[in-house]
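Please walk me through this protein model.

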Amino acid sequence: MQIKILCVDDSKSVHVFLKACLMEISNQVESVFDGEQAVERMKKSPSDFDLIYLDWEMPKKTGPETFDEFKALGIKTPVIMLTSKNGSENIVQMLSAGVAEYIMKPFTKEILIEKIQSILG
């Protein structure tokens, strides 16, 4: 499986970890470091990616705010929310809003692969 992923997280270590975990299944993991960059990148070419990893807590624009902008722009790319927020109200909020999956930090390579397979087959 060769997929293109946009990683939106303010932590460089998360980008490094994702790229290392996904090397065998992804030919492209593009990194942006806040929600504003993510929205601008998706406006340029919304069909470039098969999947978006989106952190909840970031400067300038949170993950939920960024996701809301994606929806307002008509972007249909599946989103996996990455977060340390583990309250059921947070999970329900984002799944109800339309995110495809929700991953709690810290996470493993196996969890990432499972979530991708559940979304993209």
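This is a predicted model: local features need pLDDT of at least 70, side-chain atom pairs count only at pLDDT 80 or more; totals for chains, interfaces and linings use all residues.

Residues are numbered from 1 along each chain as its sequence is written, and side-chain values use heavy atoms, with hydrogens and water left out.

Begin with the backbone. Most residues other than glycine have a negative phi, and most peptide bonds are trans. The bond from K105 to P106 is cis, with omega near -5°. P106 sits in the loop between β5 (101-104) and α5 (109-120). Helices (H or I, at least four residues) and strands (E, at least two) are DSSP runs, numbered from the N terminus.

Now find K60. This residue is not a glycine, yet its phi is positive, about 70°. K60 lies in the loop between β3 (51-55) and α3 (63-72). K60 is exposed, with a relative accessible area of 62%; exposed means over 50% (1.4 Å probe, protein chains only).

Next, look at the helix pair. Helix α2 (residues 35-44) packs with α3 at an angle of about 15°, their axes 9 Å apart. Axes are lines fitted to C-alpha atoms, for helices over the stretch in contact, and angles run from 0 to 180 degrees between N-to-C directions. That makes α2 roughly parallel to α3, a term for angles under 35 degrees.

Which residues in α2 and α3 meet? From α2 come G35, A38, V39 and M42; from α3 come T66, E69 and F70. Contact here means heavy atoms within 4.5 Å.

Methods:
Buried means under 20% relative accessible area, exposed over 50%, partly exposed in between (1.4 Å probe, protein chains only). Angles under 35 degrees count as roughly parallel, over 145 as roughly antiparallel, 65 to 115 as roughly perpendicular and the rest as oblique.
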